[in-house]
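Here is a short tour of a single protein chain. Please have a look at the model below, and then let us walk through it together.

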Amino acid sequence: MKYNDIKIILISIFILIIIFFVGIFSVNKIRNINSDNQIAQVSNLQEDDPKIIPIDKNIQPEKILNKEKIVEKKVKNKVVPTACPIPEKEDEEEYEDMSLLNIGQEVGLPNPRYIPEDLEELDEGSSTKKGVCLVEIAKNSFLSMIDDAEEDGYSIKASSAFRTYETQKILFNNAVNSGKADALISLAKPGYSEHQLGTTVDVTSSSIDYASASGDFYKTPESDWLKENAYLYGFIQSYPLGKESITGYKSEPWHYRYLGIEKAKEIKDSGLTITEFLK
Ligand SMILES: [Zn+2]
């Protein structure tokens, strides 16, 4: 083999190696551009579209492929606030007391971002997690109620209480996006939830291992105790079984609203739902 032939072969090998690396670099570049476009598309979606869940712009491209996972993480981040929110000054002046508002599928809060002014956090003994808040009077009544239940041998705790507009929005979007047929009668739209009043609590008990919003709660002795006694402490079950067409919501045996001892007794005696009574 001549010296020139060897030179040509070596140069050819060198050129092939360069072409190979340039090829790999280009493919990677195209992949990154596609991922960036996916993020941009998700980020540009309108937040107020109820079918769209806002997604963190800092998420990694590969996580786009697993939308469900991101949503769940976001929900977990939002649903558990560390302390009770406080209202803006102007809200306090305009909307002092919403405790007897006939809030429901058709009636929302006059100020959708309403936050009551005296939210207080429940402690570990009375709630299943941090950041469960009720307005002061409802909290005190709730504590008396579960103390008395304890004396009768029943352990009841709150699993959820006040929710901000933003938290409700995430829960509602999540329910709608899950594709469940009953999403709209299982969760209130943001600005339409009794939970935003700060007087409503979801309860759970030792019999179901303190599971939250469990379909099994209605079978428990704690549920029976509450049905019998909650009104004595000002609490009424908002969405009873068999009243779905009136309340607009699926039965929620764990969901109680505080209306004051006097009103609760009137409602209990009337046999009406809160929705009918407040009309
Ligand atoms: Zn509830």
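Helices (H or I, at least four residues) and strands (E, at least two) are DSSP runs, numbered from the N terminus. H7 spans residues 221-229, and its buried residues are Glu-222, Ser-223 and Leu-226. These lie on the same side of H7 because they cover an arc of only 100° around the axis, taken from the directions from the helix axis to the C-beta atoms. Buried means 20 or more other C-beta atoms within 10 Å of a residue's own, exposed 12 or fewer, and partly exposed in between, with C-beta atoms placed from the backbone.

This is a predicted model: local features need pLDDT of at least 70, side-chain atom pairs count only at pLDDT 80 or more, and totals for chains, interfaces and linings use all residues. Residues are numbered from 1 along each chain as its sequence is written. The predictor's confidence in each residue, pLDDT, runs from 0 to 100; its mean over the chain is 80, and 73% of the residues reach 70 or more. Over residues 29-81, however, the pLDDT is below 50.

Now to Glu-124, which sits in a loop between two strands.

| Strand | Residues |
|---|---|
| E1 | 119-121 |
| E2 | 133-135 |

Glu-124 counts as exposed because it has 10 C-beta neighbours inside 10 Å. Its C-alpha is 9.0 Å from that of Lys-157, 33 residues apart in sequence.

Overall, the chain has 10 helices and 6 strands, and 29% of its 279 residues count as buried.

Note on methods:
Contact = placed C-beta atoms within 7 Å.
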